[in-house]
Amino acid sequence: MRDALKRVPPLYWVARRARLAVGDLLPARGVPGVPGPVHGNDVMFVGSSPEEYAATGRSAAEFVAAAVTAADIVPAAGLDLGCGHGRVLRHLVDLVPAAWTACDLDASGVRFCSRAFAATPVRSRIPLSAVTFPATYDVVWMGSLVTHLGEAALDDLWATLGACTAPTAIVAMSVLRPAMAVHLEMFGPGMQQHLGDVERRLEAAGVAYVPYPHYARGDYGVTFHDPDRLPAQVAAAGGRTVELMAHEVGAWQGMQDYVALRFS
């Protein structure tokens, strides 16, 4: 049904807005096995079992915690950039004790994370560099964020992180590795036709982006990264020395890789 609606973008956006309006009216609820309440608009929970939802969020938080331990830092401030409704943040606040900031374009998610997990709320903007962050961050987590941004938005992201992170910081994220490009059809109708172009750009630059056709502005889509070439891309845009600290292939739901970068 969702893919059918995406073929008619005006209908898709009417249905999406209606779904979100209803979800915002529903009270958050406790779910057995999931730490903290679950919001009615948590799209990561929809279609997922409570066990899978909890395990997915905890897996990411454990990766961040392991990277922080390996870097031998004690973070004072952390940033969940693209927090949604707290799938990972609910575990981060337990596994990586710090003053956490929740940031997202989704104002509902930001408000919820502030109430439910005592995070400092920051509404994101486009471009991200227009956001004033309230802290200098020792650790940053970005789940399913760089997997959706075009190259201009990525450059802006790296520059922003270069400016708002501590002299020694860990930036952890999920990425779609090049081998996942053969599954472009999974990301929506008509996406598979871009496979050849994606493979050429990955070979040439180590990053390739395809906008979703149902997003009229073209600023949201699917992005693939070569993790080995990611530190140079981040350093070039962010003005920092960047080291690839950890890379776990397919560790997030078997589809996305975990990557941790050390900024210095």
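# Reading helices, cores and charges in a predicted model

Reader: Let's start with one side chain. Leaving aside its neighbours within four places in sequence, which residues is Arg 90 in contact with?

Author: Arg 90 is in contact with Val 34, Pro 35, Gly 36, Pro 37, Val 38, Asp 42, Tyr 53, His 85, Phe 112 and Phe 117, once neighbours within four places are set aside. Please keep in mind that this is a predicted model. As for its place, Arg 90 sits in helix H4, which spans residues 89-95.

Reader: Then which backbone oxygens lie by the polar atoms of the Arg 90 side chain?

Author: There are two to look at. The backbone oxygen of Gly 36 lies 3.3 Å from a polar atom of this side chain, and that of His 85 lies 3.2 Å from one.

Reader: Now salt bridges. How many does a search of the whole structure find?

Author: The search finds four. Take Arg 177 and Asp 257, whose side chains meet with N to O at 2.7 Å. This pair links distant parts of the chain, 80 residues apart: Arg 177 is in the loop between S5 and H7, and Asp 257 is in strand S9.

Reader: Are Arg 177 and Asp 257 buried or exposed?

Author: Arg 177 counts as buried at 18% relative accessibility, and Asp 257 counts as buried at 0%. Another pair is Arg 262 with Glu 243, where the closest N and O atoms are 3.3 Å apart. Arg 262 lies in strand S9 and Glu 243 in strand S8 (residues 242-252), so this bridge ties together parts 19 residues apart in sequence. Arg 262 is partly exposed at 21%, and Glu 243 is partly exposed at 40%.

Reader: How do I read a salt bridge inside a helix?

Author: The general idea is that an α-helix has 3.6 residues a turn, so residues three or four places apart point the same way. In this structure, the side chains of Asp 197 and Arg 201 meet in a salt bridge of 2.8 Å, N to O. Asp 197 and Arg 201 are four residues apart in helix H7, and so are separated by about one helical turn. Asp 197 is partly exposed, at 32%, and Arg 201 is partly exposed too, at 25%.

Reader: Which residues of H7 are buried, and why do they line one face of the helix?

Author: In H7 (residues 195-205) the buried residues are Leu 195, Val 198 and Leu 202. Seen down the axis they fall within an arc of 60 degrees, so they line one face. These buried residues pack against strand S6 (207-211) and strand S7 (221-225). On the face turned away from the buried side you will find the exposed residues Arg 200, Glu 203 and Ala 204. After H7 comes Gly 206, with a positive phi near 80 degrees.

Reader: Let me try the next helix. Which residues of H8 are buried?

Author: They are Leu 230, Pro 231, Gln 233, Val 234 and Gly 238. Their arc around the axis is only 165 degrees, which puts them on the same side of H8. The exposed residues Ala 232 and Ala 236 are on the face turned away from that side. Just after H8, Gly 239 has a positive phi of about 70 degrees.

Reader: And how many residues does the largest nonpolar core have?

Author: It has 29 residues, and those with the most contacts inside it include Leu 81, Phe 133, Trp 158 and Leu 161. Several elements each supply at least two residues of this core, among them strand S1 (77-81), helix H6 (151-164) and helix H8 (230-238). The largest share, five residues, comes from H6. A second, separate core of 28 residues includes Ala 60, Phe 63, Val 88 and Trp 141.

Reader: Last one: where is Ala 119?

Author: Ala 119 is in the loop between helix H5 (107-117) and strand S3 (120-123). Ala 119 is buried, with a relative accessible area of 5%. Its C-alpha atom is separated by 5.1 Å from that of Trp 100, 19 residues apart along the chain.

Definitions and conventions: Residues are numbered from 1 along each chain as its sequence is written. Side-chain values use heavy atoms; hydrogens and water are left out. Buried means under 20% relative accessible area, exposed over 50%, partly exposed in between (1.4 Å probe, protein chains only). The arc is that of the directions from the helix axis to the C-beta atoms. Contact means heavy atoms within 4.5 Å. A nonpolar core is a set of buried Ala, Val, Leu, Ile, Met, Phe, Trp, Tyr and Cys residues joined through side-chain atoms within 4.5 Å. A polar contact is a pair of N or O atoms within 3.5 Å; within protein, one must be able to donate a hydrogen and the other to accept it, and residues adjacent in sequence count only if both atoms are side-chain atoms.
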